[in-house]
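This briefing covers the overall fold and the charge pairing of one protein model. The sequence and structure come first, followed by notes grouped by topic.

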Amino acid sequence: MSVAPAGELLRVPTPQAWLEAACAQRETLLIDHANCEKKAASTALSLMFAYAEDLELAGSLSRLAREELRHYEQVARLIGQMGLVPRRLGPGRYAERLRRLVARQEPQREVDLLVAGAFIEARSCERFAALAPRIGAPLDALFGGLHEAESRHRRLYLDLAARAAARNGIALGPRIDAFAELEAELIVSSDETFRFHSGVPAAA
């Protein structure tokens, strides 16, 4: 089933104020990015366990999880090369707020989890593309290379969501619209915590 590209899935572009903050806080950006790659792999594995009877989903997400872990290794290697000291960062609001919208009951829950994953990957894809020309070496090469992978992941999550929705007689469009509205609000509203997926820096 054909799905919308990232530019059509997302309602708003990343604000200029966030891009400026990202360029000014490269260390925090990179460390949080490493955390995001680990979380992305963990999310894929969690879905594989939750829907273990679906072998097609499990196979697709197994490959995605391996790729996310390879991305983490790339980021971790770069952190070491730059002489940065990894540190614990508290989570931002973005993923947690998106997951509040996820239904509690099946089969809607499966569809919503996959749609949420698609939006997270779509925003990552959009931000990599926006950052690559302005972030400077050596992050520019990393982000430029990751853009295509995140686009594939976004398409995969949306394809899996469309498949689950069709199988269970669920209208996918209204759920995409609901997540798109919330996602846009999180991106353009003021955010106290700077993270890879955060909104407009509160000081901006």
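Helices (H or I, at least four residues) and strands (E, at least two) are DSSP runs, numbered from the N terminus. On that basis the protein has eight helices and two strands. The model is predicted: local features need pLDDT of at least 70, side-chain atom pairs count only at pLDDT 80 or more, and totals for chains, interfaces and linings use all residues. Residues are numbered from 1 along each chain as its sequence is written, and side-chain values use heavy atoms, with hydrogens and water left out.

**Fold and dimensions**

- From the N terminus on, the order of elements is α-α-α-α-α-α-α-α-β-β.
- The radius of gyration (taken over C-alpha atoms) is 17 Å, close to the 17 Å given for 204 residues by the globule rule, so the protein is as compact as a globular protein of that length. The globule rule is 2.2 Å times the number of residues to the power 0.38.
- Along the principal axes, the C-alpha atoms fill a box of roughly 50 × 30 × 30 Å.
- Among contacts (heavy atoms within 4.5 Å) between residues at least 6 apart in sequence, 82% join residues at least 24 apart.

**Burial**

- Buried means under 20% relative accessible area, exposed over 50%, and partly exposed in between (1.4 Å probe, protein chains only).
- Buried residues make up 50% of the 204 residues.

**Salt bridges**

- A salt bridge is a side-chain nitrogen of Lys or Arg within 4 Å of a carboxyl oxygen of Asp or Glu; the whole structure holds 13 of them.
- Asp-177 and Arg-11 pair at 3.2 Å, N to O. This pair links distant parts of the chain, with Asp-177 in helix α8 (residues 172–188) and Arg-11 in the loop between α1 (6–9) and α2 (16–24), 166 residues apart. Asp-177 is partly exposed at 41% relative accessibility, and Arg-11 is partly exposed at 45%.
- Arg-100 and Glu-96 form a salt bridge whose closest N and O atoms are 2.8 Å apart. Both lie in helix α5 (residues 94–100), and because they are four residues apart, about one helical turn separates them. Arg-100 is exposed at 58%, whereas Glu-96 is partly exposed at 41%.
- Glu-183 and Arg-123 form a salt bridge with closest N and O atoms 2.7 Å apart. Glu-183 in helix α8 and Arg-123 in helix α6 (residues 108–131) are 60 residues apart, so placed that the pair links distant parts of the chain. Glu-183 is buried at 0% relative accessibility, and Arg-123 is buried at 0%.
- Salt bridges with shared partners join Asp-54, Glu-56, Glu-110, Arg-163 and Arg-167 into one network.
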